[in-house]
Amino acid sequence: MASVLVASNRGPVSYVPREDGSGALDARRGGGGLVSGLSAALAGQPEALWVCAALSDGDREAVRTGVSEPGVRMLPVDPVVYDGAYNGIANSVLWFLHHHLYDIPVAPVFDAEFRRMWEAYRGYNRAFAEALAAEAAEGAEVLVQDYHLALVPGQLRELRPDLRIAHFTHTPWASHEYLRMLPEDIREELLWGMLGADELGFHTWAWASAFISGAHIDSAGGTAAGSSPSGDPWRGVHHRKAGGPVRNTRVRVYPLGVDGDELRALAHRPEVDDRLAALRAEVGDRKTIVRVDRTELSKNVVRGLLAYRELLRERPEWRGRVVHLASAYPSRQDLAVYRDYTAAVARLAEEINTELGTEDWQPVLLSVKDDFARSLAAYRMADVALINPVRDGMNLVAKEIPVVSEAGCALVLSTGAGAYEELREDALTVNPYDVSETARALHEALTTGPSERADRTKRLAAKATALPPRRWFLDQLEALREPR
Ligand code: G6P
């Protein structure tokens with residue numbers, strides 16, 4: 001029985017069959033901000049149990065043959081249920097709502113097919129709730145992660161009222177108008193699922209407030225505010241299900257940061273030095289604009305490339321003197337809209353290179369491989385970091401690059417990133433839809449003098465490391481243990 005449990009869709013590793021046909025499985029590190037933050041946090045919690053889903057055939061094979069990592073339990077959810085829950089609801093509905101990504105004239109469509117997928121989402125959440133209920137010791141703390149598992153707190157509370165339950169959202173939370181697009185019964189089920197938690201965590205007050213303003217779902221509902229013994233503020237939602245007692249769910253903000261020492265150590269491993277040497281040879285003494293993202297609709301990679309093209313068109317003095325190192329590695333390729341987006345990114349990079357490149361200068365070096373060592377090498381070389389998401393829960397890359405960049409980098413940062421709340425003062429901030437403004441900010445970033453860049457980078461790095469993953473996690477655990 002575990003006394004601290006964490007639940008998330010993606011776990012710390014995924015298994016891939018070895019290519020030699022031997023049937024053996026290789027473990028790979030999972031991608032994305034949630035996994036990197038939680039892996040670092042849990043490294044100091046050997047007694048914790050991490051419950052995650054088996055995502056692929058390789059993962060299901062690992063479960064079947066008893067291959068696992070210590071402290072990790074993978075749930076072998078039926079592949080059809082998993083597809084409906086992950087692709088159908090989590091990534092096509094909840095992700096789109098929270099990031100405001102819908103192309104409104106054609107989507108969303110809530111029809112019979114949607115109802116079938118919601119059923120799958122409910123079942124998939126239930127599988128987690130049941131596994132957690134079975135593994136948790138009396139009075140244990142359970143920390144549920146992200147929009148994939150929004151119904152788990154409510155379901156788990158019904159199974160195990162003795163547990164202390166927290167939920168953390170790594171994405172933004174949909175604005176009230178967006179949330180109201182959901183059919184009413186589904187919206188209520190979603191909110192009641194979340195309100196099953198004692199504690200709800202978000203990366204910023206913008207997302208926490210969006211949740212609170214959307215959560216007035218019962219006549220007994222109301223809001224409250226207060227602070228914990230340590231002085232941390234919380235806001236809360238009172239709620240009562242028909243006939244039940246009034247309960248209070250506290251809402252707090254934990255802006256996840258990076259562990260500076262650990263990241264710098266990672267960035268100076270020999271394989272990163274090798275990648276750095278190779279990149280330096282390609283780039284020469286030109287300046288660099290660096291971005292590293294999953295090829296994700298919300299990351300706004302296409303407008304980032306358009307801004308870079310406008311910079312080169314409008315200010316020809318930069319031609320031949322700058323290289324855009326863009327890592328945009330594939331993500332969620334089961335969804336057609338992501339495959340199309342990935343293709344659009346590659347096409348535009350190619351167009352820019354054809355239009356503006358010369359024999360000895362390629363304006364965009366696009367890398368579509370998820371190669372962490374190469375990303376770190378690019379961070380070290382960054383003169384400018386381009387972070388222009390339309391809407392983003394936090395965006396850890398905005399925090400990682402200033403910590404690692406060697407000569408200090410100028411940060412071009414979208415107002416839509418969660419990191420904007422903390423980093424805005426020392427960044428060049430841009431409206432993510434305004435390509436011309438982004439192009440001007442790139443120019444300004446490239447021309448920022450070395451001492452101003454160094455000063456700003458120092459302050460950015462200090463803010464980026466203010467709440468490293470371990471502290472982020474322990475703060476939530478302490479809040480969950482507070483007497484109520
Ligand atoms: C975001 C989400 C995470 C997710 C990650 C990668 O950071 O908040 O929950 O794991 O993206 O996405 P994926 O669909 O590949 O797990």
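Hi everyone, let me start with a term: a polar contact here is a pair of N or O atoms within 3.5 Å, and within protein one atom must be able to donate a hydrogen and the other to accept it, with residues adjacent in sequence counting only if both atoms are side-chain atoms. With that in hand, a polar side-chain atom of Asp146 sits 2.5 Å from a ligand oxygen.

A word on what you are looking at. This is a predicted model, where local features need pLDDT of at least 70 and side-chain atom pairs count only at pLDDT 80 or more, while totals for chains, interfaces and linings use all residues. Residues are numbered from 1 along each chain as its sequence is written, and side-chain values use heavy atoms, with hydrogens and water left out.

Back to the ligand, then. Tyr86 also has a side-chain N or O atom 2.5 Å from an oxygen of the ligand, and for Arg294 the corresponding distance to a ligand oxygen is 3.2 Å. On its own the ligand exposes 380 Å², and the protein buries 91% of that; those areas come from the Shrake-Rupley method with a 1.4 Å probe, and for residues only the protein chains shown count as cover.

Who else is around the ligand? The shell, meaning residues with a heavy atom within 4 Å of the ligand, includes Arg10, Trp95, His148, His170 and Arg332. It divides into three nonpolar, four polar and four charged residues. Helices α1 (33-42) and α3 (79-99) each supply at least two shell residues. Helices here are DSSP runs of H or I with at least four residues, strands are E runs of at least two, and both are numbered from the N terminus.

Now, some helix packing. Axes are lines fitted to C-alpha atoms, for helices over the stretch in contact, and angles run from 0 to 180 degrees between N-to-C directions. Under 35 degrees counts as roughly parallel, over 145 as roughly antiparallel, 65 to 115 as roughly perpendicular, and the rest as oblique.

Helices α4 (residues 112-135) and α7 (residues 184-195) pack at about 15° with axes 13 Å apart, so they are roughly parallel. For α10 (residues 270-283) and α13 (residues 372-381), the axes come within 8 Å and cross at roughly 60°, which makes α10 oblique to α13. Helices α14 (residues 397-404) and α17 (residues 450-464) also have axes that come within 8 Å, crossing at roughly 130°, and are therefore oblique to each other.

Two backbone details to finish. Ala107 and Pro108 are joined by a cis peptide bond with omega about 5°, and Pro108 is in the loop between α3 and α4. Asn300, though not a glycine, has a positive phi of about 70°, and lies in the loop between β12 (287-294) and α11 (301-314).

Methods
Nonpolar A, V, L, I, M, F, W, Y, C, P; charged D, E, K, R; others polar.
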